[in-house]
Amino acid sequence: AAWEKQVRHSSTPRRPNGFSVLVTGAAGFIGSHCSLALKKRGDGVLGLDNFNDYYDPSLKRARQNLLTKHQIFIVEGDLNDAPLLTKLFDVVPFTHVLHLAAQAGVRYAMQNPQSYVGSNIAGFVNLLEVAKAANPQPSIVWASSSSVYGLNTENPFSERDRTDQPASLYAATKKAGEEIAHTYNHIYGLALTGLRFFTVYGPWGRPDMAYFFFTKDILQGKPIDIYQTQYQKEVARDFTYIDDVVKGCLGALDTADKSTGSGGKKKGPAQLRVYNLGNTSPVPVGRLVSILEGLLNTKAKKHVITMPRNGDVPFTHANVTLAYKDFGYKPTTDLATGLRKFVKWYVSYFGVQPRVKKETQHTEESG
Ligand code: NAD
Ligand code: UGA
């Protein structure tokens, strides 16, 4: 079938010993960036995405168009469709899976809890069931989340810190994913690597995230809510730039092979590994807002709420020593630099212009 031909074509590696990677959530923010990076270095990439409307699907379609230009095909389907997944693994001998499809977002879990269970637990199990039966068995790298640390107070967060106090259902499903991964590694010998991403931002980002809708609201002169902790302290996040995260994902894939241990050197049984992929430099949300104000030349109408947002944790801060040791992960983009790149993309994608400063306007009018 034409469909099968497309699938085979796009998932055939172009470099010697290149990978053949199934990227789930390929129309998503992180998935689209990773797909392009893998393709660029010569790996074969096939995408899977259900194009759900958690946020404006037209942005997912625009990312898909970008991928299409680079000969990356996205199969439109759901993680829970076992016959479809089985068929994909029958047609393509995937060496790796980069599993990024999930119901993301912390707050939406209070509106639609079942979507988290459906994609992050049932969907993940469905994928693992198909992967365990596939021949060859692929190595799997999947998205966990910094949210698993929940109310952990160690600062910074290390992979060994406690993760038994999730603050949201989202976090609980991501934590469940880590436990489920453990069982598939233990029983079936699947090689599994979990990546705990820390509040990832950048061009083509997610409209449900604060930096994205703050930009929109500041440009439109609408008020923005800034949540504090119950102690009226500023909430801080270890905002991580997308290019750094992409490098981390590729590094994790490179060292994910079944027969390789830490650093890809030791031979041993299939691994279950978990890594922080953060920026190692938490920034208060108020600082995020002032950077945006500067980039947009516009004062935000700030509405400070002296209560935490339901499901929020007070701070996140990654220790990334382990990812550095095992695959050289080293974040290099600070928040101001990364936000500049985001704003540049934003104004071009939406065709808007940041307002000119008042003084400048005055000069132009009188001149
Ligand atoms: P995203 O929502 O942009 O991407 C996820 C994609 O998966 C979407 O395109 C969606 O349509 C697809 N999808 C969802 N459920 C599906 C299903 N059942 N079947 C098929 N496709 C489905 O989110 P993102 O920011 O790119 O996040 C990618 C992964 O990283 C997610 O697992 C998320 O939980 C995790 N994560 C993201 C961040 C972040 O700050 N962006 C931080 C920590 C963890
Ligand atoms: C983000 C992603 O949305 C999750 O999918 C991901 O799993 C998580 O990162 C992670 O690192 O694991 P979050 O950090 O809550 O979650 O991202 P935002 O929703 O963009 O919030 C960022 C910060 O802005 C938070 O401190 C939040 O309290 C604050 N915020 C958010 C506000 O002050 N006002 C708002 O209106 C919204």
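Biologist: How do H2 and H3 pack, at what angle and how far apart are the axes?
Modeller: Helix H2 (residues 29-40) and helix H3 (residues 57-69) pack at about 5°, with axes 10 Å apart. Axes are lines fitted to C-alpha atoms, for helices over the stretch in contact, and angles run from 0 to 180 degrees between N-to-C directions. Helices (H or I, at least four residues) and strands (E, at least two) are DSSP runs, numbered from the N terminus. This is a predicted model: local features need pLDDT of at least 70, side-chain atom pairs 80 or more, while totals for chains, interfaces and linings use all residues. Residues are numbered from 1 along each chain as its sequence is written, with chains lettered from A and ligands numbered from 1 in the order written.

Biologist: Parallel or antiparallel?
Modeller: Roughly parallel, therefore; that label covers angles under 35 degrees.

Biologist: Which residues meet there?
Modeller: Ser 32, Ser 35 and Leu 36 in H2 meet Arg 63, Leu 66 and Leu 67 in H3. Contact means C-beta atoms, placed from the backbone, within 7 Å.

Biologist: Switching to ligand 1. What surrounds it?
Modeller: 27 residues, the closest being Gly 25, Gly 28, Phe 29, Ala 102 and Ala 143. Near means a C-beta atom, placed from the backbone, within 6 Å.

Biologist: Which element gives the largest share?
Modeller: H2, with three residues.

Biologist: And ligand 2, which residues come nearest?
Modeller: Ala 104, Ser 145, Ser 146, Met 209 and Ala 210, out of 20 around ligand 2.

Biologist: Which strand gives the most to that shell?
Modeller: Strand S8 (residues 223-227), with three residues.

Notes
Parallel < 35°, antiparallel > 145°, perpendicular 65-115°, else oblique. Contact = placed C-beta atoms within 7 Å.
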